[in-house]
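Please open the model in a viewer and keep the selection panel at hand.

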Amino acid sequence: MKKIIKRAAASVVSLALSASALSSLYVFAEVSPNPVISRNCPAYSTSGQASAGNDEHYFSFWQSSSPDYLAYDLSAVPDSEKKQVIAVWYNTSSFDMIGSYTSQNGKPTDYTIEVNSAEGGEYPTDGWEIAETVTENKLASRQHLVNMEGYNWIRINVSKADGEAGKQSSINFDIHNVSDGISDSWLFLGDSITAGGMNNCYGTGFATYVNRIDENFFPIQENGGIGGIRSIEGRENIDRWLSVSEAKYVSIAYGTNDAWGNAGATESYYENTKYMIDAILEAGKIPVLPKIPSSTNADVEPNIPLYNAKVEQLYEEYGDKLVHGPDFEAFFIEHPEYLSGDGVHPEGDGYDAMRQLWAETMYNEVYKDSTPPPEFIIGDVNNDGIFNMSDIVLMQKYLTGTDTLVNSNAGDVYKDGYINVFDLCQMKELIIADK
């Protein structure tokens, strides 16, 4: 039997026989792409480098003294791709002003999200309409659902940063298409290990790693890690965090501080985590629970298996309502070299490896079966539902100008955007490999 052709993230996996066989291999998950539509679009502000707010580098920021705005001209984006958007901004402050390790670093605290229906090409000085107003914000990132039907422009207008007018704001600002619903949006809650690992501006971020696996996806990704906190602080604050979050997937990665020098608090960790899972489900979101990382610290290491036994208990209790996050216990047992001198926190390469493992694990758990099958079988240029030698014959005739392809979309087997001799060679290789 011939194999099915499916274009995976990094390579061609197999061959195809029939349309019915192809469709039978796909299981449709709930996630669908919410792509960035603001990347490198025309950007405007009265000061600072506006283009640093929407380039592909999250280590560069739009920095400007408040009050000021950062505006994007989205007129080149098709109307169908900007009917509903998520406007999300990212800052490097601590996620919330709780715990012992809070920081503010140019965080917008008073601002509006505004839209404008003006034609593109020249920044409009009037006609701006407020879509949402935020005052006394304490969080280091926020997602805003905005109706952009009939509008070409969007901006964040910051009146105060770090609670004061005149202070510098420092953000990245992305606009994602959610016209078909919010599906690929993530909030990673946790302690200092999450805070250090899930920031998208230090090294390669979770969203970029997901995109490298499968170019269909570039998730909205908020880092909700806060240094020094335990599951009880998560429990006490999660309802407030969820009330202002548009994220669909919410990870809760506490436990290291619960376990630090304390073998006897596993039941309270379980109850706190169960409360957070229930809160996420009640909010109509999907909870994600990773294993607590292993440690080489003598005050932490012996307790981690006790707490992760409670994670296993929650996995069993919630079944498919709870997405299993990465097994960081097993990962750091295998890779203790990724831990820093305190034996608890990863060092730089360790944080990067965590982000990569997050992406790989979530791709397998959430994304892998979400990309719908193509409406054709790759290589089936005569469109008869089968890829075989007759397609190669037709391709040869097409390349010599003596015939036409019935389905030209199926002809780009080499996936370079062109139909040429490379596609013919790829078709022949696939036929040979299948014999």
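The model is predicted, so local features need pLDDT of at least 70 and side-chain atom pairs pLDDT 80 or more, while totals for chains, interfaces and linings use all residues. Residues are numbered from 1 along each chain as its sequence is written, and side-chain values use heavy atoms, without hydrogens and water.

Select the open sheet, in which 5 strands follow the order β11-β10-β12-β13-β14 with parallel pairing. Strands are DSSP runs of E, at least two residues, and helices runs of H or I, at least four, numbered from the N terminus; two strands pair if DSSP finds at least two bridges between them. At the edges stand β11 (220-225) and β14 (323-327), each with a single partner strand, so one side of each has no neighbour in the sheet.

Next, select β13 (residues 286-291), which 3 bridges join to β14. Lys291 has Asp327 of β14 as its bridge partner.

Turn now to the cavities, sets of points on a 1 Å grid over the protein atoms alone where a 1.4 Å probe fits but cannot get out, with lining residues having an atom within 4 Å of a point. The largest cavity has a volume of about 140 Å³. Select Thr194, Ala253, Pro290, Phe328 and Met354, the closest to its centre among 18 lining residues. Helix α2 gives the most to this lining, with 3 residues.

Finally, the lining of the second largest cavity includes Tyr58, Tyr90 and Asp174, and its largest share, 3 residues, comes from helix α3 (residues 206-213).

Conventions:
On a 1 Å grid over the protein atoms alone, a cavity is a set of points where a 1.4 Å probe fits but cannot get out, and a pocket is an open set with protein on both sides within 12 Å along at least five of seven lines; lining residues have an atom within 4 Å of a point. Grid points are joined across faces, edges and corners, and a volume is the space filled by probe spheres set on the points.
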